[in-house]
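Reader: I am new to this structure and would like to go through it with you. Could you show it to me, please?

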There are 2 protein chains.
Amino acid sequence: MNNFIYQNPVKIVFGKGQIAKLPELIDANKTILMTYGGGSIKKNGVYDQVKKALAGRKLLEFGGIEPNPRYETLMKAAEVCKKEGVSFLLSVGGGSVLDGTKFIALAANYKAGDPWDILAKQATANEAIPLGCIITLPATGSEMNSGFVISRESTKEKLASGNPLVYPLFSILDPETTFTLSKEQTANGIVDAFVHVMEQYMTYPVYTPLQDRQSEAIFLTLIEEAPKVMENPQDYNARAAIMWTATQALNGLIACGVPQDWATHMIGHELTAFYGLDHAKTLAIVLPGILRHQLKNKEKKLLQYGQRVWKINPTKSDATLKAIDKTEKFFRSVGIKTKLSEYGIGKEKFSEIADRFRRRGMRLGEHQAIGSEQVIEILNLCL
Amino acid sequence: MNNFIYQNPVKIVFGKGQIAKLPELIDANKTILMTYGGGSIKKNGVYDQVKKALAGRKLLEFGGIEPNPRYETLMKAAEVCKKEGVSFLLSVGGGSVLDGTKFIALAANYKAGDPWDILAKQATANEAIPLGCIITLPATGSEMNSGFVISRESTKEKLASGNPLVYPLFSILDPETTFTLSKEQTANGIVDAFVHVMEQYMTYPVYTPLQDRQSEAIFLTLIEEAPKVMENPQDYNARAAIMWTATQALNGLIACGVPQDWATHMIGHELTAFYGLDHAKTLAIVLPGILRHQLKNKEKKLLQYGQRVWKINPTKSDATLKAIDKTEKFFRSVGIKTKLSEYGIGKEKFSEIADRFRRRGMRLGEHQAIGSEQVIEILNLCL
């Protein structure tokens with residue numbers, strides 16, 4: 001096991017009816033800015049629940065945060081914070097709204113230069129407006145971590161950063177708020193959570209039997225529960241299981257003491273930036289490509305994964321490839337495509353994508369074995 | 001899944017050489033009281049590592065905290081805190097030292113009456129001296145929770161309480177500090193951690209597939225790693241796996257959204273109070289008795305446990321009893337006895353023990369199905 005430091009201060013408030021607890025969770029004297037996305041919270045009743053719970057509080061609103069939240073939009077919200085003296089941010093929606101809200105929290109008080117530096121130069125912000133969230137789409141795990149991914153429309157960039165100051169003070173997870181998610185949103189969330197675990201698990205063994213099994217617990221739960229929520233969106237039990245599982249997939253716990261990959265996310269982010277594909281859809285395409293490309297580097301973990309998660313006999317010569325096939329089939333079983341060609345995307349921009357990694361001087365994967373040439377090889381496997 | 005709230009602020013600093021990080025973890029201006037037990041830390045080098053790391057700091061010492069830490073001893077330490085203006089407590093040792101230190105932290109500033117009320121009357125203390133720990137015996141999980149169990153010599157009582165103020169600010173877990181544990185201490189720790197998971201898992205199903213598998217991950221890891229550390233006490237990998245597993249067994253995570261039992265602990269505490277048996281040894285005796293007594297109430301979970309942890313076919317009529325037998329055999333495999341008679345203990349004091357629960361008006365177990373009569377029935381199964 002590698003040495004590690006683990007600390008996660010987020011207060012999780014889980015279960016039906018928990019939005020009513022908001023008044024206990026936010027100090028009475030705060031000027032609150034509620035942030036949200038395209039308005040689905042107005043249709044599913046969450047907006048009304050928040051307004052009711054916070055009646056009498058100083059409550060402002062900023063809606064319209066996009067999936068793949070945009071720097072340009074978020075800077076407008078940061079301006080509102082400065083102008084109105086906002087002292088608490090309440091993110092209501094999915095991981096994009098929350099990621100965006102984390103950036104707003106840091107950008108509003110950032111004085112050292114252009115807030116985009118927080119992403120482009122990994123500049124450290126030393127101040128943040130405190131924030132909490134109601135998460136309504138189990139997927140990103142943003143509700144229990146300090147990371148965020150932001151897109152910039154003008155440059156077609158999508159970049160990630162993190163700061164301990166933007167751990168949510170609390171995250172309310174009410175599975176009933178997920179009943180109205182579309183099949184597509186639900187499936188995207190399941191794939192996103194699944195691939196988060198892959199990035200932390202599918203590397204090479206460093207003797208972490210507990211963390212391995214904790215990761216496999218997440219895979220197995222997602223595989224078992226996915227068909228239930230796809231068939232019956234109002235299955236509280238299955239929705240609750242998936243919601244808590246998505247949170248556990250990226251809260252730092254399964255990352256304790258293990259090497260990590262994240263190449264799928266890095267390449268996936270470029271596919272979103274270039275083609276506007278949903279985040280999870282890019283992961284479902286890139287992951288199988290990377291696993292096939294890195295078959296030897298990941299062999300031991302692939303065999304363990306195949307055996308424990310898919311009951312594939314590890315002594316068979318095609319056991320690793322079978323494990324990848326099973327994974328791809330699982331994504332397809334919830335309706336997510338796994339090939340670029342299925343979206344009409346060819347190899348035209350592969351060099352341009354690879355160039356970005358070259359210019360950033362970035363090599364990817366747990367062995368830094370993936371340079372810009374390998375990015376092209378991998379993308380070819382994704383056609 | 002039941003509704004739940006989860007928050008755990010402890011900073012875990014895990015791995016070899018991490019004691020050297022102490023100066024970064026404790027503010028320079030603190031007056032530190034280092035607490036410890038019978039002096040094993042002086043033999044295994046941990047004491048010297050602490051002294052070296054904190055050279056130049058204002059560092060006092062209080063040694064001699066017993067296994068099953070005693071109120072009488074701890075009150076002396078609380079006096080030292082008051083007299084010397086101690087502003088940080090550093091617990092160095094196992095769970096007993098840490099539990100004791102948590103009580104010292106609360107007792108030193110307790111003004112509402114006799115600090116024993118914190119245990120006997122579950123009185124709430126509103127102030128605590130901040131504390132951190134170096135844990136050297138993987139067992140209790142105290143390093144990542146806010147609970148503590150204290151014994152009172154004069155009344156032969158052993159009682160538990162908790163307070164969020166005594167979450168350690170940090171816990172250093174260096175597996176190398178466990179190399180010098182005796183086989184008996186190592187085995188006690190493994191059994192303790194195992195039974196902690198049992199208390200949170202072996203109840204009745206409420207649709208928590210992830211938490212179930214997280215619990216089973218702990219069982220399987222303990223079962224796999226136990227023989228390795230019993231055979232080679234200096235096996236870093238296995239020691240590290242067991243250390244992290246013991247912490248995960250009682251940090252609140254697997255308790256999320258599930259019913260809990262704790263009858264084994266409640267009855268076990270009385271066996272320690274009456275006979276002075278080690279905590280873990282009481283658990284290894286009482287757990288099988290309770291499982292056999294509560295066979296019907298726990299049937300579904302016993303079948304799942306038997307199948308997933310011990311590969312017992314759940315359709316066989318003796319599947320539940322087999323699962324209990326396997327558990328008992330596991331305890332015996334690390335050298336821990338599972339019958340009272342093996343310690344020369346008979347039924348003489350059973351009524352007196354049962355009386356204590358009657359007087360406290362306490363019924364035990366996830367269904368409150370265990371009253372004082374059932375306590376006697378269970379103890380008879382433990383002979």
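Author: To begin with a term, copies are superposed by least squares on the C-alpha atoms of residues with pLDDT of at least 70 in both. This is a predicted model, in which local features need pLDDT of at least 70, side-chain atom pairs count only at pLDDT 80 or more, and totals for chains, interfaces and linings use all residues. Residues are numbered from 1 along each chain as its sequence is written, while chains are lettered from A and ligands numbered from 1 in the order in which they are written.

Reader: What rotation superposes chain A on chain B?

Author: The rotation is 180°, with 0.0 Å of shift along its axis and an RMSD of 0.0 Å. The two copies are thus related as by a two-fold rotation axis. In chain A, the C-alpha of A:Pro9 is the nearest to that axis, at 2.3 Å.

Reader: Turning to α9 of chain B, is it mostly covered or uncovered?

Author: α9(B) is mostly covered, with 11 of its 13 residues buried. A residue is buried if 20 or more other C-beta atoms lie within 10 Å of its own, exposed if 12 or fewer, and partly exposed in between, with C-beta atoms placed from the backbone. Among the buried residues are B:Trp244 and B:Arg239.

Reader: What covers them?

Author: The cover includes α8 (209-231) of chain A, together with β1 (4-14), β8 (170-173), α7 (183-201) and α8 (209-231) of chain B.

Reader: Where does B:Gln211 lie?

Author: B:Gln211 lies in helix α8 of chain B. This residue is buried, with 26 other C-beta atoms within 10 Å. Leaving out residues up to four places away in sequence, B:Gln211 touches B:Ile254, B:Cys256, B:Gly257 and B:Val258.

Reader: How far is B:Gln211 from B:Ala187?

Author: B:Gln211 and B:Ala187 are 24 residues apart in sequence, and 25 Å apart in space from C-alpha to C-alpha.

Technical notes: Helices (H or I, at least four residues) and strands (E, at least two) are DSSP runs, numbered from the N terminus. Two residues are in contact if their C-beta atoms, placed from the backbone, lie within 7 Å.
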